[in-house]
Amino acid sequence: MAFAEKLKALRLENNMTQDYVAEQINVARSTIAGYETKNRQPSHEKLTSFAKLFHVSIDYLLDDNECSRIVVSEARTLPEDARDLLERYQRLSIRSKKDLMKHLQLLELQDEQRSVKKD
């Protein structure tokens, strides 16, 4: 999915109008329309603003192959610390996400070793 499609999908999923997004990003509504129709490409600063507004990573917005993401609105039933972790994870680059997964695997191994020692 291309940036234009992702932007429109995120906007609609969050029940936001082009006017509202434009106000939040500090651009004209016609600029948002241009982004959604592939006529315009946002600057790095605007991409950062979109990522913060929709709680996704810039990689998610730009990578045509990056389709998976956790919808934070669906995670509202989770405890606050888990929601915070999800939001922060989504803002990471793909490389940082991979590094984080490696660290989690190490922590899981440490926990397993600790539980074996207790038994």
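**Close-up 1. Lysine K6 and the ring of Y60 in the predicted model.** The charged end of K6 lies over the ring of Y60. From the centre of that ring, the distance is 4.3 Å.

**Close-up 2. The aromatic pair of F3 and Y35.** Searching the whole structure gives three aromatic pairs. One of them joins F3 and Y35 in an edge-to-face arrangement, with 6.3 Å from centre to centre and 70° between the planes. The two partners come from distant parts of the chain: F3 belongs to helix α1 and Y35 to helix α3, and they are 32 residues apart. F3 is buried, at a relative accessible area of 6%. Y35 is also buried, at a relative accessible area of 4%.

**Close-up 3. The ring cluster of F3, Y35 and F50.** Ring pairs connect F3, Y35 and F50 into a cluster. Both F3 and F50 are among the residues with the most contacts inside the largest nonpolar core.

**Close-up 4. The largest nonpolar core.** This core consists of 18 residues. Those with the most contacts inside it are F3, V21, I32, F50, F54 and L61. At least two core residues come from each of α1 (3-13), α2 (18-25), α3 (29-36), α4 (44-54) and α5 (58-62). The helix that gives the most is α4, with five residues.

**Close-up 5. The surroundings of I32.** Leaving aside residues up to four places away in sequence, I32 is in contact with L7, Q18, V21, A22, V27 and F50. Of these, V21 and F50 are, like I32 itself, listed among the residues with the most contacts inside the largest nonpolar core.

How values were computed: Residues are numbered from 1 along each chain as its sequence is written. This is a predicted model: local features need pLDDT of at least 70, side-chain atom pairs count only at pLDDT 80 or more; totals for chains, interfaces and linings use all residues. Side-chain values use heavy atoms; hydrogens and water are left out. A nonpolar core is a set of buried Ala, Val, Leu, Ile, Met, Phe, Trp, Tyr and Cys residues joined through side-chain atoms within 4.5 Å. Buried means under 20% relative accessible area, exposed over 50%, partly exposed in between (1.4 Å probe, protein chains only). Helices (H or I, at least four residues) and strands (E, at least two) are DSSP runs, numbered from the N terminus. Contact means heavy atoms within 4.5 Å. Rings of Phe, Tyr and Trp (its six-membered ring) pair if their centres lie within 6.5 Å; planes under 30 degrees apart count as stacked, over 60 as edge-to-face and the rest as tilted. A charge sits over a ring if NZ of Lys or CZ of Arg is within 6 Å of the ring centre and within 35 degrees of the ring normal.
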